[in-house]
Amino acid sequence: MPVMSSSNSNERGSSYDRRRRRAWLVETFGLRNARGRIAWVVCHHCGRRMRASAGVWEVDRFPVCGHAGGSYRRGNIVISCPDCNKRCASSHSACRSDVPF
């Protein structure tokens, strides 16, 4: 995925970039229902299922966390539940890949 520069200094990119990443995550890691539609997404860290259409899931930089230079690219982002994402963020002094889940 090419890196697109944004007019602001937000490292996550423009709102268009963020929507594209979220759509890619849902399509790649989503679970389909009986009708073939993506209904659920699963937290990469704890396995918790969340509705794909609800805004209750977050994007996490994994395995290379942000303070270690990780970017929001397809090979470095996963779906995370808010609880796991907060737990990882609270231990910002250690790299997230070192935090056991």
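**Side-chain contacts in a predicted model**

Arginine 22 lies over the face of tryptophan 57, 3.9 Å from the ring centre; such a charge sits over a ring if NZ of Lys or CZ of Arg is within 6 Å of the ring centre and within 35 degrees of the ring normal. The model is predicted, so local features need pLDDT of at least 70 and side-chain atom pairs count only at pLDDT 80 or more, while totals for chains, interfaces and linings use all residues. Residues are numbered from 1 along each chain as its sequence is written, and side-chain values use heavy atoms, with hydrogens and water left out.

**Charge and ring**
- The charged end of arginine 49 sits over the ring of tryptophan 40, at 4.6 Å from its centre.

**Aromatic pair**
- One aromatic pair is counted (ring centres of Phe, Tyr and Trp, the last by its six-membered ring, within 6.5 Å; planes under 30 degrees apart are stacked, over 60 edge-to-face, the rest tilted).
- Tryptophan 24 and phenylalanine 29 form this edge-to-face pair, 5.9 Å centre to centre with 85 degrees between the planes.

**Salt bridges**
- There are two salt bridges (a side-chain nitrogen of Lys or Arg within 4 Å of a carboxyl oxygen of Asp or Glu).
- Glutamate 27 and arginine 32 meet in one of them, at 2.8 Å from N to O.
- Aspartate 83 and arginine 48 meet at 3.9 Å, N to O.
- Aspartate 83 belongs to helix H2 (residues 82–90) and arginine 48 to the loop between strand S2 (38–42) and strand S3 (49–51), so this pair ties together parts 35 residues apart in sequence (helices, H or I, at least four residues, and strands, E, at least two, are DSSP runs numbered from the N terminus).
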